[in-house]
Every structure is written in C-alpha cells, then in structure tokens.
Amino acid sequence: MLTTSYRRPAIRTLRGWAISVLQEAGAIRECEEHGWMQDRADPHARERAFDIARQDPPPGVSPEGAVAEIDDALVSIGDTCPECPPEAAG
C-alpha cells in the first residue's frame, strides 16, 4: 500500500515559514486584488498557528523561536489592505 505524508513546501526564510503557517492556519489571508497579507483577527486560527510552531518548527529553530517568529509576523501584518479604498460607513 502506498502511503503519502504531507510535508510543507521548502521555505527559504524564517519569515516566509511564519507567513506560510499563518496562512495554513487561517490566521491571515491575501487581498485578492493587491496581494497584501491581512490579519483575520481570528483567535482560534492564531492559536492553531502557534500550535503548529510549537509542534513542528522548521529545522534548526527551537519551538520558542518558531513561536516568536509567528508573533513577529502577526505584529507586522495589518487587518486592512493599504491599497484598497476604505469602506464607506453606512
């Protein structure tokens, strides 16, 4: 029987790894029009990303370092796309 295991794609930077984990967990999304990352402000998705970092950090990085990188990436990502026009208040 052939079995396959899921393996994340190779990421060249620790920040790239963190962005990938945050997307996988659903904590961030990409603006469809401009490509900017946006924080979804979903506490459950954030916790999933932190769990992934603790349980499966990239090679050569401690679980604590992986968690710190996820946190740094989240701090740097806003909740709106800087290129999209602001939504009109109703």
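**View 1. Helix H1 and what sits behind it.** In this predicted model, helix H1 covers residues 14-25, 12 residues in all. From first C-alpha to last, H1 reaches 16 Å, close to the 16 Å expected at 1.5 Å a residue. Which residues of H1 are buried? They are Trp 17, Ala 18, Ile 19, Ser 20, Val 21, Leu 22 and Ala 25. Those buried residues pack against strand E1 (28-30), strand E2, helix H2 (43-55) and helix H3 (63-76). Just after H1 comes Gly 26, with a positive phi of about 85 degrees.

**View 2. Gln 38 in strand E2.** Strand E2 takes in residues 37-39, and Gln 38 belongs to it. Is Gln 38 buried or exposed? With a relative accessible area of 7%, Gln 38 is buried. Setting aside its neighbours within four places in sequence, Gln 38 touches Ala 27, Ile 28, Arg 29, Glu 30 and Cys 31, among others. Its contacts also include Ile 77, Gly 78, Asp 79, Thr 80 and Cys 81. Take Ile 77 as one example: it is 39 residues from Gln 38 along the chain, yet their C-alpha atoms are separated by 6.0 Å.

**View 3. The second largest pocket.** Here we look at a pocket holding about 190 Å³ of space. Gln 38 turns up again in the lining, along with Arg 29, Cys 31 and Glu 32.

View 4. Cys 84 is in no disulfide either: its nearest cysteine sulfur, that of Cys 31, is 3.6 Å away. With that cut-off, the disulfide count comes to 0.

View 5. Cys 81 has a relative accessible area of 5%, so it counts as buried. Cys 84, at 29% relative accessibility, is partly exposed.

Definitions and conventions:
Residues are numbered from 1 along each chain as its sequence is written. This is a predicted model: local features need pLDDT of at least 70, side-chain atom pairs count only at pLDDT 80 or more; totals for chains, interfaces and linings use all residues. Side-chain values use heavy atoms; hydrogens and water are left out. On a 1 Å grid over the protein atoms alone, a cavity is a set of points where a 1.4 Å probe fits but cannot get out, and a pocket is an open set with protein on both sides within 12 Å along at least five of seven lines; lining residues have an atom within 4 Å of a point. Grid points are joined across faces, edges and corners, and a volume is the space filled by probe spheres set on the points. A disulfide is a pair of cysteine sulfur atoms within 2.5 Å. Buried means under 20% relative accessible area, exposed over 50%, partly exposed in between (1.4 Å probe, protein chains only). Helices (H or I, at least four residues) and strands (E, at least two) are DSSP runs, numbered from the N terminus. Contact means heavy atoms within 4.5 Å. The expected span of a helix is 1.5 Å times one less than its number of residues.
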